[in-house]
Amino acid sequence: MKPLVRTAALSGYVDLCRSLGVDPQALMKRVGLDTAALAVQDRWISGAAAVQVLELSAAASGHEDFGVRMAQFRRFSNLGPVSLVVREEPDVRSAVGLLIRHQRMYNEILHARLSENDGLATLTVDLRLGETMETRQATELAVAAFHRILRGFLRPEWQPLSVWFRHPAPADVATHRRVFGPRVEFGREFDGIVFYADDLDAPNAMADPLLREYARQYFEAIAVPTDTTVADRVRELIEVLLPSGRCSVDQVARSMGVDRRTVHRHLASSGETFSSLLNATRTHLAEQFVANPRRSLTEISELLGFSSPSSFSRWFREQFECSPTAWRRGRSRQQSPGED
């Protein structure tokens with residue numbers, strides 16, 4: 001399977017697009033994604049699609065610094081559950097080391113490495129997609145995000161000795177210099193950040209020593225290696241795509257970076273089909289949505305990807321052997337046993 005990234009990798013994407021006068025939904029649609037997917041940052045989407053949409057957005061907006069600008073929307077919490085543990089590490093070296101060792105928990109295309117030599121530390125960033133494509137914006141976003149993280153560990157005014165990029169310089173480097181400082185260089189040997197190794201021994205400014213033990217215990221639970229199955233990923237994508245009205249096996253396959261036959265083959269090996277997962281996901285969500293009296297049946301039918309409320313009602317009756325209205329009324333009585 002091709003590598004995935006959490007939707008949090010595109011945190012701030014919609015706001016940045018709108019501030020630059022481009023339509024984020026139209027651009028995401030071109031790579032098989034939907035802005036609705038960004039509402040939940042723990043979803044997984046195609047890494048290639050995420051990289052492509054950044055390149056398209058830079059071109060559409062006319063801003064070669066799109067990736068660097070987007071990094072300014074990032075928060076430490078965008079790293080997901082691992083951020084709760086990393087932030088309590090006692091020093092910068094252990095915090096960065098933990099972040100790198102477990103980078104696949106938040107981004108499967110990211111391959112960062114930390115090395116030390118002659119008093120200097122070098123944090124290099126490499127994006128591995130399994131295919132050849134332009135990655136300028138995603139690379140600059142990743143480097144800028146690490147720069148922002150290091151500032152959080154150290155101090156807001158911290159600056160590295162230099163920031164290097166392999167690709168050529170943009171026509172205007174003002175944003176890069178504002179973010180990284182004056183020593184940002186292009187056309188170099190690697191993408192990454194060079195700073196004094198002594199900075200790694202500095203106390204982690206984020207850490208609370210009293211919370212470290214709790215964080216470590218939590219980490220033991222979340223860091224147990226677990227393989228996310230194709231069925232799990234398909235379920236997540238179905239839930240994300242349903243409100244768009246474009247939830248199909250072809251769309252799911254595009255989001256995962258494979259063809260539909262590959263999806264069918266993997267699901268069959270686990271005893272599932274796309275139709276069975278679609279129906280199970282709809283059933284689970286329908287129970288939640290219909291139980292909420294504030295949601296209209298028309299709204300629910302749209303959230304579940306039905307073409308009309310009548311189609312939703314027919315499907316619901318087949319699954320629950322009663323109409324949505326009757327099911328909601330029955331659930332309301334169960335929750336209020338004192339009513340007649």
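This is a predicted model: local features need pLDDT of at least 70, side-chain atom pairs count only at pLDDT 80 or more; totals for chains, interfaces and linings use all residues.
Me: At what angle do helix H6 and helix H7 pack, and how far apart are their axes?
Reply: H6 covers residues 92–101 and H7 covers residues 136–153. H6 passes H7 in a right-handed crossing. The two helices pack at an angle of about 145 degrees, and their axes are 10 Å apart.

Me: How many nonpolar, polar and charged residues make up the contact of H6 with H7?
Reply: From H6, the residues involved are Val92, Ala95, Val96 and Leu99. They meet Phe146, Ile149, Leu150 and Phe153 of H7. Sorted by class, the contact has no charged residues, no polar residues and eight nonpolar residues.

Me: Which element contributes the largest share of the largest nonpolar core?
Reply: This core has 70 residues, and those with the most contacts inside it include Phe146, Leu150, Phe153 and Phe180. In soluble globular proteins, nonpolar side chains tend to be buried together. The largest share, nine residues, comes from H7.

Me: Is Glu108 buried or exposed?
Reply: Glu108 lies in the loop between H6 and strand S3. Leaving out residues up to four places away in sequence, Glu108 touches Lys2, Pro3, Leu4, Val5, Trp44 and Arg233. Because its relative accessible area is 10%, below the cut-off of 20%, Glu108 is classed as buried.

Me: With which side chain does the side chain of Trp158 make a polar contact?
Reply: Trp158 is placed in the loop between H7 and strand S5, and at 1% relative accessibility it counts as buried. Beyond its neighbours within four places in sequence, Trp158 is in contact with His147, Leu150, Arg151, Ile193, Phe195 and Asp199. At 3.0 Å, the partner in the polar contact is the side chain of Asp199.

Me: What distance separates the C-alpha atoms of Trp158 and Phe180?
Reply: His147 is among the residues in contact with Trp158, and His147 is also among those in contact with Phe180. Trp158 and Phe180 are 22 residues apart along the chain. Their C-alpha atoms are separated by 9.7 Å.

Me: How many of the eight residues of helix H11 are buried?
Reply: The buried residues of H11 pack against strands S1 and S2 and helices H10, H12 and H13. They are Val249, Gln251, Val252, Ala253, Ser255 and Met256. Helix H11 is thus mostly covered, and the number of buried residues is six.

Conventions:
Residues are numbered from 1 along each chain as its sequence is written. Side-chain values use heavy atoms; hydrogens and water are left out. Axes are lines fitted to C-alpha atoms, for helices over the stretch in contact, and angles run from 0 to 180 degrees between N-to-C directions. Helices (H or I, at least four residues) and strands (E, at least two) are DSSP runs, numbered from the N terminus. A crossing is left-handed if the near helix is turned anticlockwise from the far one by less than a right angle, and right-handed if clockwise. Contact means heavy atoms within 4.5 Å. Ala, Val, Leu, Ile, Met, Phe, Trp, Tyr, Cys and Pro count as nonpolar, Asp, Glu, Lys and Arg as charged, and the others, Gly among them, as polar. A nonpolar core is a set of buried Ala, Val, Leu, Ile, Met, Phe, Trp, Tyr and Cys residues joined through side-chain atoms within 4.5 Å. Buried means under 20% relative accessible area, exposed over 50%, partly exposed in between (1.4 Å probe, protein chains only). A polar contact is a pair of N or O atoms within 3.5 Å; within protein, one must be able to donate a hydrogen and the other to accept it, and residues adjacent in sequence count only if both atoms are side-chain atoms.
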